[in-house]
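I opened my notebook to look up a few things in this structure. Here is what I jotted down as I went along.

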Amino acid sequence: MVEPPSPALDATAKKIIEELQADGRSSYASIGKAVGLSEAAVRNRVQRLSESGLLQIVAVTDPLKLGFSRQALIGIRCTGDTEALAEQLSACPEIDYVVLTAGSFDILIEVVCEDDDHLLRILNQKVRTHSEVTATETLVYLKLVKQQYNWGTR
């Protein structure tokens with residue numbers, strides 16, 4: 001799978017991203033004031049950044065408050081094409097994070113589940129059913145202490 005080229009990030013684009021990382025609900029007008037552009041220019045820039053896949057604006061929620069009492073990170077060891085398996089796992093709606101890694105695991109996935117029974121169903125019916133999976137290790141989250149998305153730009 002070939003990634004589309006990302007747009008060049010000039011200082012203004014970086015500032016727009018940083019403004020949105022600080023507050024994803026900021027209006028285009030307020031961002032425009034902060035970066036020295038019109039509302040329409042900011043809207044166009046944000047649209048181009050979104051279409052390129054460089055920027056995604058989402059509502060980050062607390063899973064516990066939405067009835068998802070179990071989150072876990074699952075380390076997967078596998079054989080064969082790790083990228084193909086990662087793509088297949090990405091199709092599962094309960095899996096919100098998929099990354100290829102070097103080290104003890106080939107793939108790490110994060111799942112958000114209603115309860116432990118739901119986690120077990122995901123492991124048995126969505127993860128371990130792939131013939132390439134040789135082992136899994138599940139790390140159950142006890143408490144989310146910090147989660148940020150405001151790392152800025154370079």
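Before I start listing neighbours, I need a cut-off: I call two residues in contact when heavy atoms lie within 4.5 Å. I also keep in mind that this is a predicted model.

**Entry 1: leucine 108**

I looked up leucine 108 and found it in strand 3. Which residues does leucine 108 touch, not counting residues up to four places away in sequence? I noted Leu73, Ile74, Gly75, Tyr97, Val98, Val99 and Thr101. I also checked isoleucine 76, which sits 32 residues from leucine 108 along the chain, and their C-alpha atoms are separated by 6.1 Å.

**Entry 2: the sheet**

Next I followed the strands. Strands of a sheet pair through backbone hydrogen bonds, either parallel or antiparallel. In what order do the 4 strands of the open sheet come? I read off 2-3-1-4, with antiparallel pairing. Strand 2 and strand 4 are at the edges with a single partner strand each, so one side of each has no neighbour in the sheet. From one strand to the next, the twist averages 20°.

Then I went through the pairs. Strand 2 and strand 3 pair over 5 bridges, and tyrosine 97 has glutamate 110 of strand 3 as its bridge partner.

I also asked how many residues of strand 1 are buried. It is 8 of its 9 residues, and I wrote strand 1 down as mostly covered.

**Entry 3: helices on the sheet**

Helix 4 packs on the sheet and touches strand 1, strand 2, strand 3 and strand 4. The direction of helix 4 makes about 170° with that of strand 2. Helix 5 lies across strand 1, strand 3 and strand 4, and runs at about 140° to strand 3.

Which residues of helix 4 are buried? I found Leu85, Ala86 and Leu89. They cover an arc of only 100° around the axis, which puts them on the same side of helix 4. What covers them includes helix 5 (116-127) as well as strand 1, strand 2, strand 3 and strand 4. At the start of helix 4, I saw that a side-chain oxygen of aspartate 81 comes to within 3.0 Å of the backbone nitrogen of glutamate 83.

**Entry 4: helix 1**

With 12 residues at 1.5 Å a residue, helix 1 should span 16 Å, and its end C-alpha atoms are 17 Å apart, which agrees.

The buried residues of helix 1 are Ala13, Ile16, Ile17 and Leu20. Why do they line one face of the helix? Seen down the axis of helix 1, they fall within an arc of 95°, so they share one face. An α-helix has 3.6 residues a turn, so residues three or four places apart point the same way. The buried residues of helix 1 pack against helix 2 (28-35) and helix 3 (39-51). On the face turned away from the buried side, I found the exposed residues Ala11 and Ala22.

**Entry 5: serine 26**

Last, I looked at the loop between helix 1 and helix 2, where serine 26 has its place. The side chain of serine 26 reaches the backbone oxygen of aspartate 23 at 2.9 Å. Leaving out residues up to four places away in sequence, serine 26 touches Glu19 and Ile31.

Definitions and conventions
Residues numbered from 1 in each chain as written. Predicted model: local features only at pLDDT ≥ 70, side-chain atom pairs only at ≥ 80, totals over all residues. Heavy atoms only, no water. Buried < 20%, exposed > 50% of the residue type's maximum accessible area, 1.4 Å probe, protein only. Helix = DSSP H or I, 4+ residues; strand = E, 2+ residues; numbered from the N terminus. Arc of directions from axis to C-beta. Polar contact = N/O pair within 3.5 Å; in protein donor to acceptor, adjacent residues only side chain to side chain. Pairing = 2+ DSSP bridges. Axes fitted to C-alpha atoms, helices over the stretch in contact; angles between N-to-C directions. Expected span 1.5 Å × (residues − 1).
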